[in-house]
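Take a look at this protein with me.

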Amino acid sequence: MEESKKKLSVAEKQAYVLDTYKDDPLLLYIQDREAQKVFMEYAQDFFENVEIDKHYTNTTATQLLGFKYSQKILNILNDTKYANYLRPYKKGNQYRHNIEVLFKLLLITFLSESLLLNAPDISTILGEDATYTSLGDENERINNSGRQNINPGFVKALIAEGLNESMQQMQEGFKQLAGELEKREQLKEQHYLKMQNTLLEHITFTEKVSRKELELVEAKNKLNQLQAEINYLDTHIKTEERQLAENKRTIAVLVDREQETSQQAAVNSAEEMTVNVPIPSGKKYVPRFFKSLFFIEEGEDISEQSVKITKEKDKETIEQMKQRQATLLKHIEDLTLDQGNITASIDNNKDLNTKLKSELQQCVEAVKQLEEQLHGLKSNKSIESLKKQLIMPNDN
């Protein structure tokens, strides 16, 4: 049996221990909280190196359990809360730990380190209130009646071994003290680094908030500028549309005037007038004063002749009407050209207005997004909370 245990694999060792100590209250506590898998991972190195049938000194047990100092084992063994649970075995002044004691020590350290239970909590699980008593193997105890048979050399060796173990404990105590001092220095350095990181985080956060606020101000200024440009364009377009309508009415009036002037000039350029000139009966001639005034066609034996008279208008008046007509035509031409320019300007301004409104919408969305980002920044981590971290840092 002893030989077979030495050849057990890690899985076999684990199965053997879990089966042998299946009723252990601490193991049952771990299983009830579904932490057995975590515990087995925690104890992996232990099962790889331990031998089921061997006994180990404090020093070797410290290595098996992964402790830094053997004083930790002694602290647990000397705690009266664990006395009846552990029942350690001593040979002389030195402990000799078997698999049962080592496994129980492992359970206690797992509960305290991984599940964060303190000694009273673990004692409650165990239901122990008894004080520590020596629980060594009766076969190994020294009978008081046989003390006179003890070999002096054995006593000397026993004392030397006790002194050696005490020296080791003192050395481990000094190492533990040195380790604590080193740990304090490390914590102090960590605290300083954390303070620096918090300060840097505070500065970075403040700069980030300031940049976002500046971006928001710039975006709002751009928004106001775009709105002002759009309002100006709307007003300008309405003014040009009124001018366009006014020009159309003016052109219509000028065209009517030009047509009227053209018709009047055509009539006045050569107007014919017909009059009836009475001629005395039986006379075959026209009086002299008529010849000097009119062109007369005479006919024989006519009691009354019709005379066609052509009258020329004043040439100066006709020239003035022509000049007026030319001026009207030039004015109409200028207004027509101006109408084209105004129409093109309105079209361009409307296109620009459409683009500006699109840009305005994008700017509105950008402002909204910046406001949300700034609100999110101030909500997630305020400057005041960072200041509190600098004033009252966490010692952990």
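A patch is made of residues with over 30% relative accessible area and no salt bridge, and nonpolar side chains are joined into one when they lie within 5 Å. Keep in mind that this is a predicted model.

Start on the surface. Met 167, Met 170, Phe 174, Leu 177 and Leu 181 form a nonpolar patch there. Together they have about 530 Å² of accessible area. Pick out one of them, Met 167. It is found in helix H11, which covers residues 152-269.

Now go inside. The largest nonpolar core has 41 residues. Within it, Phe 39 and Phe 46 have the most contacts. Leaving aside residues up to four places away in sequence, Phe 46 touches Leu 64, Leu 65, Ile 99, Leu 102, Phe 103 and Leu 106. There is also a second, separate core of 15 residues. Among them are Leu 223, Leu 226, Ile 230 and Leu 374.

Finally, consider confidence. The protein averages a pLDDT of 77, and 72% of the residues score at least 70. Helix H3, residues 25-32, has the highest confidence, at a mean of 93. Strand S4, residues 305-311, has the lowest, at 44. Over residues 299-313 the pLDDT is below 50. Beyond near neighbours in sequence, this stretch has 34 contacts in the model.

Key. Residues are numbered from 1 along each chain as its sequence is written. This is a predicted model: local features need pLDDT of at least 70, side-chain atom pairs count only at pLDDT 80 or more; totals for chains, interfaces and linings use all residues. Side-chain values use heavy atoms; hydrogens and water are left out. Patches are made of residues with over 30% relative accessible area and no salt bridge: like charges are joined within 9 Å, nonpolar side chains (Val, Leu, Ile, Met, Phe, Trp, Tyr) within 5 Å. Accessible areas come from the Shrake-Rupley method with a 1.4 Å probe; for residues, only the protein chains shown count as cover. A salt bridge is a side-chain nitrogen of Lys or Arg within 4 Å of a carboxyl oxygen of Asp or Glu. Helices (H or I, at least four residues) and strands (E, at least two) are DSSP runs, numbered from the N terminus. A nonpolar core is a set of buried Ala, Val, Leu, Ile, Met, Phe, Trp, Tyr and Cys residues joined through side-chain atoms within 4.5 Å. Buried means under 20% relative accessible area, exposed over 50%, partly exposed in between (1.4 Å probe, protein chains only). Contact means heavy atoms within 4.5 Å. pLDDT is the predictor's confidence in each residue, from 0 to 100.
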